[in-house]
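Reader: Could you walk me through this model, one piece at a time? I will ask as I go.

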Amino acid sequence: MTPPKIITDLFTGPDGATWAIGRVYSLPVLASGISLPFVAIFHGQTVDLAAAGALFAGLGGAVMVLVLGTNHTEPKPDGDVPK
């Protein structure tokens, strides 16, 4: 069984065959970070807007480090080989 094209496009490297581990690891980080303020509200806790802003800024930075860091280690397509 092959995964849907949208999954392979999002989570594979530039060659389209190897799985980009940083992209795969960034999904749970992103999902848990985005859901945290909503879980806090659901449990009756207060949400400080400055803390939420710092959370989302740190979350964006963490996801970008995972995605960009893995892009430098993944194999490149045949056409992009430096000469």
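This is a predicted model: local features need pLDDT of at least 70, side-chain atom pairs count only at pLDDT 80 or more; totals for chains, interfaces and linings use all residues.

Reader: Is Pro37 buried or exposed?

Author: Pro37 has a relative accessible area of 12%, and because the limit for buried is under 20%, Pro37 counts as buried.

Reader: And what is Pro37 in contact with, apart from its neighbours within four places in sequence?

Author: With those neighbours left aside, Pro37 is in contact with Val47, Leu55 and Phe56. Another pair to look at is Pro37 and Leu49, which are 12 residues apart along the chain and have their C-alpha atoms separated by 9.8 Å.

Reader: Where does α2 bend, and by about how much?

Author: The bend in α2 is at Leu36 and comes to about 40°, with a proline, Pro37, following within four residues. As for its length, α2 has 22 residues and reaches 32 Å from its first C-alpha to its last, which is close to the 32 Å expected at 1.5 Å a residue.

Reader: Which residues of α2 are buried, and what do they pack against?

Author: The buried residues of α2 are Gly22, Arg23, Ser26, Gly33, Pro37 and Ala40, and they pack against both α1 and α3.

Reader: Take Ser26 from that list; what does Ser26 touch, not counting residues up to four places away in sequence?

Author: Ser26, which is found in helix α2, touches Val63, Leu66 and Val67 when those residues are not counted. Its relative accessibility is 8%, so Ser26 counts as buried.

Reader: Now for α3, which of its residues are buried?

Author: In α3 the buried residues are Ala52, Leu59, Val63, Val67 and Thr70, and they pack against α2. Two of these, Val63 and Val67, are also among the residues that Ser26 touches.

Reader: Going back to α2, what follows it?

Author: Gly44 follows α2, and its phi is positive, near 85°.

Reader: Changing topic to charges, how many salt bridges does a search of the whole structure find?

Author: The search finds 1 salt bridge, in which the side chains of Asp9 and Lys5 meet at 3.0 Å, N to O.

Reader: Where do Asp9 and Lys5 lie?

Author: Both lie in helix α1, residues 5–11, where they are 4 residues apart, about one turn of the helix. In general, an α-helix has 3.6 residues a turn, so residues three or four places apart point the same way.

Reader: How accessible are Asp9 and Lys5?

Author: Asp9 counts as partly exposed because its relative accessibility is 45%, whereas Lys5, at 60% relative accessibility, counts as exposed.

Reader: What about Phe11, is it buried or exposed?

Author: Phe11 also has its place in helix α1, and its relative accessible area of 16% means that Phe11 is buried. Leaving aside neighbours within four places in sequence, Phe11 is in contact with Thr18, Trp19, Ala20, Arg23, Val24 and Leu27. Phe11 and Leu27 are 16 residues apart in sequence and 9.6 Å apart in space, C-alpha to C-alpha.

Reader: And where is Thr12 found?

Author: Thr12 is found in the loop between α1 and α2, and with a relative accessible area of 5%, Thr12 is buried. A polar atom of the Thr12 side chain lies 2.3 Å from the backbone oxygen of Thr8. Its contacts, with neighbours within four places in sequence left aside, are Ala17, Thr18, Trp19, Ala20 and Arg23.

Reader: To finish with the whole chain, how many helices and strands are there?

Author: The protein chain has 3 helices and 0 strands. Of its 83 residues, 20% count as buried, and the accessible surface comes to about 6,100 Å², of which 72% belongs to carbon and sulfur atoms.

Reader: What share of the contacts with a separation of 6 or more comes from residues 24 or more positions apart?

Author: Residues 24 or more positions apart account for 55% of those contacts in the protein chain.

Note on methods:
Residues are numbered from 1 along each chain as its sequence is written. Side-chain values use heavy atoms; hydrogens and water are left out. A salt bridge is a side-chain nitrogen of Lys or Arg within 4 Å of a carboxyl oxygen of Asp or Glu. Helices (H or I, at least four residues) and strands (E, at least two) are DSSP runs, numbered from the N terminus. Buried means under 20% relative accessible area, exposed over 50%, partly exposed in between (1.4 Å probe, protein chains only). A polar contact is a pair of N or O atoms within 3.5 Å; within protein, one must be able to donate a hydrogen and the other to accept it, and residues adjacent in sequence count only if both atoms are side-chain atoms. Contact means heavy atoms within 4.5 Å. The expected span of a helix is 1.5 Å times one less than its number of residues. The bend at a residue is the angle between axes fitted to the seven residues ending there and the seven starting there. Accessible areas come from the Shrake-Rupley method with a 1.4 Å probe; for residues, only the protein chains shown count as cover.
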